[in-house]
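The sequence and structure are shown first.

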Amino acid sequence: MTTTHVTIIGAGLGGLTLARVLHVHGIPSTVYEAESSATARSQGGMLDIHDYNGQLALQAAGLMDEFRGLILEGREATRLVDRDGTLLFDHPDDGTGSRPEVQRGELRRLLLDSLPPGTVRWGHKVSGTRALGGGRHEVTFADGTSVVTDLLVGADGAWSRVRPLLSPATPEYTGMSCVEVYLHDSDTRHPASAKVVGGGALFVLAPGKGFVTHRERGGNLHTYVMLRRPQDWFADIDFTDSAAAIARIAREFDGWAPELTALITDADTAPVLRHLSALPVEHRWERVPGVTLIGDAAHVAAPNGEGANLAMFDGAELAQALAAHPDDIETALTAYERAMFPRSAETADEGTELYALMFGDDTPHALISQFTAERQDG
């Protein structure tokens with residue numbers, strides 16, 4: 001039996017899960033990451049880890065006990081309020097849910113700590129990739145160094161530098177952007193907003209816009225201000241002037257209850273703009289020897305609660321396929337991709353439907369109907 005060293009580009013949740021499950025099966029890998037260290041930037045907010053994908057990946061990684069130690073109790077609570085603050089839907093966290101919430105940064109740290117020292121090579125920003133023939137590829141880094149590998153995996157997100165080896169597709173703007181802000185120590189410093197958010201997630205929705213807020217560790221409130229606007233509309237806002245940018249965004253919600261608009265206007269952090277982009281729903285490629293993609297590199301979609309889960313599941317599935325076919329990389333990659341393509345397409349379709357419920361003309365009532373149906377089914 002021969003064991004192929006796996007070269008992984010990207011130390012996000014997908015790439016790290018792949019490296020961990022490979023390690024469990026005795027397969028060596030190296031992860032190259034553009035960031036300078038594990039703490040180079042904030043790692044985002046809350047993630048609900050689902051029992052049908054993300055948790056299965058953690059089981060394959062042998063990390064379920066450690067994962068349970070990261071769960072923030074009570075955060076599966078879901079609340080919808082109208083723009084005037086009227087409570088429309090309230091689902092408490094009774095402990096029976098299947099999507100426990102954790103902080104993304106803490107989950108990433110768990111995965112990093114589970115890998116052999118030296119697995120992740122920080123400060124390696126990819127500048128180019130090229131095929132050498134026979135399934136081998138060369139990856140060149142911005143510092144001028146390079147690596148040649150028999151098995152290359154792009155886990156490097158929406159703007160993957162590995163994807164062009166497989167596909168000419170690039171993500172396109174969905175028409176929706178979000179602006180992220182935080183309120184810190186909300187129960188003490190922002191009590192009215194903390195009260196309306198409740199113990200978990202708050203949705204305040206209108207056609208083409210709304211707030212999605214999560215209560216994170218320490219009473220921090222993380223708000224995603226969602227707006228369906230052209231990218232040019234945002235380009236006219238100077239986000240280097242935080243106060244002016246926040247005031248401009250808040251004007252889109254004139255007349256909303258003050259405890260809601262305070263989620264923006266009282267922000268303790270500078271607003272961060274994120275344009276939401278997606279690959280075609282049916283994105284796929286013909287098999288190319290020695291290279292594949294996982295996570296957003298393969299199937300980035302508008303955020304729908306599945307992205308991190310799918311990336312981890314992709315990583316675990318690919319690792320298990322390689323472990324099952326240690327002498328035949330192509331059989332392993334074919335098996336992985338054959339299952340991954342329809343899985344990601346189905347999830348992207350569901351995400352499109354979710355956005356229609358959240359930001360379409362019938363919001364929030366269409367979403368409430370779905371939530372109510374899910375509770376009855378569950």
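The sections below treat the overall dimensions, the sheet and the salt bridges of this predicted model.

## Overall dimensions and composition

The protein comprises 13 helices and 17 strands. Along the principal axes, its C-alpha atoms occupy a box of roughly 65 × 45 × 35 Å. The radius of gyration is 21 Å, in agreement with the value near 21 Å that a compact globule of 378 residues would have.

Of the 378 residues, 53% are buried. The accessible surface amounts to about 16400 Å², and carbon and sulfur atoms contribute 49% of that area. Among contacts with a separation of 6 or more, 71% are between residues 24 or more positions apart.

## The seven-stranded sheet

Seven strands form an open sheet in the order β5-β4-β13-β14-β15-β12-β16, and their pairing is mixed. The edges are β5 (87–91) and β16 (272–278), each of which pairs on one side only. From one strand to the next, the twist averages 20°.

At one end of this order, strand β4 (residues 78–81) runs antiparallel to β5, and four bridges join the two. Val-81 has Leu-87 of β5 as its bridge partner. Helix α9 (residues 258–265) packs on the sheet, where it touches β4, β12 (172–183), β13 (201–206), β14 (209–215) and β15 (221–228). The direction of helix α9 makes about 80° with that of β14.

## Salt bridges involving sheet strands

Side chains of opposite charge can pair when their charged atoms come close. The whole structure contains 17 salt bridges. One of them joins Glu-180 to Arg-274, with the closest N and O atoms 2.3 Å apart. Because Glu-180 belongs to strand β12 and Arg-274 to strand β16, this pair ties together parts that are 94 residues apart in sequence. Glu-180 is buried, at a relative accessible area of 10%, whereas Arg-274 is partly exposed at 41% relative accessibility.

A second pair consists of Arg-215 and Asp-187, whose side chains meet at 3.0 Å, N to O. Arg-215 is in strand β14 and Asp-187 in helix α5 (residues 186–189), so that distant parts of the chain, 28 residues apart, are linked. Asp-187, with a relative accessible area of 47%, is partly exposed.

Asp-113 is exposed, since its relative accessible area of 55% is over the 50% limit. Arg-109, at 36% relative accessibility, counts as partly exposed.

Salt bridges can also share residues, as the following group shows. Arg-229, Arg-248 and Glu-252 are linked in a network of salt bridges.

Technical notes:
Residues are numbered from 1 along each chain as its sequence is written. This is a predicted model: local features need pLDDT of at least 70, side-chain atom pairs count only at pLDDT 80 or more; totals for chains, interfaces and linings use all residues. Side-chain values use heavy atoms; hydrogens and water are left out. Two strands pair if DSSP finds at least two bridges between them. Axes are lines fitted to C-alpha atoms, for helices over the stretch in contact, and angles run from 0 to 180 degrees between N-to-C directions. Contact means heavy atoms within 4.5 Å. A salt bridge is a side-chain nitrogen of Lys or Arg within 4 Å of a carboxyl oxygen of Asp or Glu. Buried means under 20% relative accessible area, exposed over 50%, partly exposed in between (1.4 Å probe, protein chains only). The radius of gyration is taken over C-alpha atoms; the globule rule is 2.2 Å times the number of residues to the power 0.38. Accessible areas come from the Shrake-Rupley method with a 1.4 Å probe; for residues, only the protein chains shown count as cover.
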